[in-house]
Amino acid sequence: MDKVYKRTLGIQEGVVSGFCPGCMHGTAHKLVGEVVEELGKLDKLVRVEGVGCCGLGQAYVSHDTIIAAHGRACAVATGVKRCSPDSLVYTYQGDGDLASIGLDETVSAANRGENFTVIFINNGIYGMTGGQMAPTTLIGMKATTAPFGRKAEEHGYPMHVCEVLAQLKAPQFLVRTTVDTPQNVIKTRKYIKQAFQNQIDGKGFSLVEIVTTCPTNWGFTPKDSITFLRENMLAEFPVGVYRDKDAGIE
């Protein structure tokens, strides 16, 4: 019998994910592995990880991995890509890593149009470090550092990374997506493949933002976290293509 679906070679054989039940990191890892395997570039793939739950990926992926200091993934990826232009380089970062301590590195790399790919996981909270408020935490959403909920007058508003980077001239591709349904998984796979193909073609900076769940720190069951994502996260962070120079979206 022919096998029509198999584990991607981008994930180590026999390894079981340690991500929390209902977390969408596993789906994102699978899609990156599948896409780059399909592109025939797994032997060239270099992952630069942010700190936090994103850093757990080193235990699962089969390709070269560098763990950057907190927030510095885009700076490290810049160095790797410039020193090894034949490598297929991507960062894998959460909202605290990319949009808080690493905001300068992210904006600067995007503004220079660095030729690498960013996979940005937005779950609205700091995951591994205990559920602190992140730049993307929703108004009214509770966190360990905002026990009464985020207040605009005290904490500011949620940061919209794609919209911020879309103000810059250099980025090639900016998209926000999610993986809550099979249809959205298929869409996200297409976007990730386009982001890597842009790098192969030398077109510059591409970012795929994936709005995801964090059942553990949100305090929901996996099922209820999907409902929260659809009713609240996606209302604040609308999915869509925010920049695609090839398609004339700028």
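Analyst: Let's start with Glu37 and Lys6, whose side chains form a salt bridge at 3.1 Å, N to O. That pair ties together distant parts of the chain: Glu37 sits in helix α1 (residues 25–39), while Lys6 belongs to the segment before α1, 31 residues apart. Keep in mind that this is a predicted model. Glu37 counts as partly exposed because its relative accessibility is 23%, and Lys6 counts as partly exposed at 47%.

Now for Glu49 and Arg47, which meet in a salt bridge at 2.7 Å, N to O. Here Glu49 is buried, with a relative accessible area of 0%, and Arg47 is buried too, at 1%.

Then there's Glu114 with Arg112, a salt bridge at 2.6 Å, N to O. Glu114 is buried at 7% relative accessible area, whereas Arg112 is partly exposed at 43%. Elsewhere, salt bridges with shared partners join Glu34, Glu38, Arg189 and Lys193 into one network. Over the whole structure, the search turns up 12 salt bridges.

A quick word on helix α4, residues 103–112: its buried residues are Glu105, Thr106, Ala109 and Ala110. These span an arc of only 125° around the axis, so they lie on the same side of α4. They pack against α2 (73–83), α3 (95–101) and α6 (161–165).

Terms used: Residues numbered from 1 in each chain as written. Predicted model: local features only at pLDDT ≥ 70, side-chain atom pairs only at ≥ 80, totals over all residues. Heavy atoms only, no water. Buried < 20%, exposed > 50% of the residue type's maximum accessible area, 1.4 Å probe, protein only. Helix = DSSP H or I, 4+ residues; strand = E, 2+ residues; numbered from the N terminus. Arc of directions from axis to C-beta. Contact = heavy atoms within 4.5 Å. Salt bridge = Lys/Arg side-chain N within 4 Å of Asp/Glu carboxyl O.
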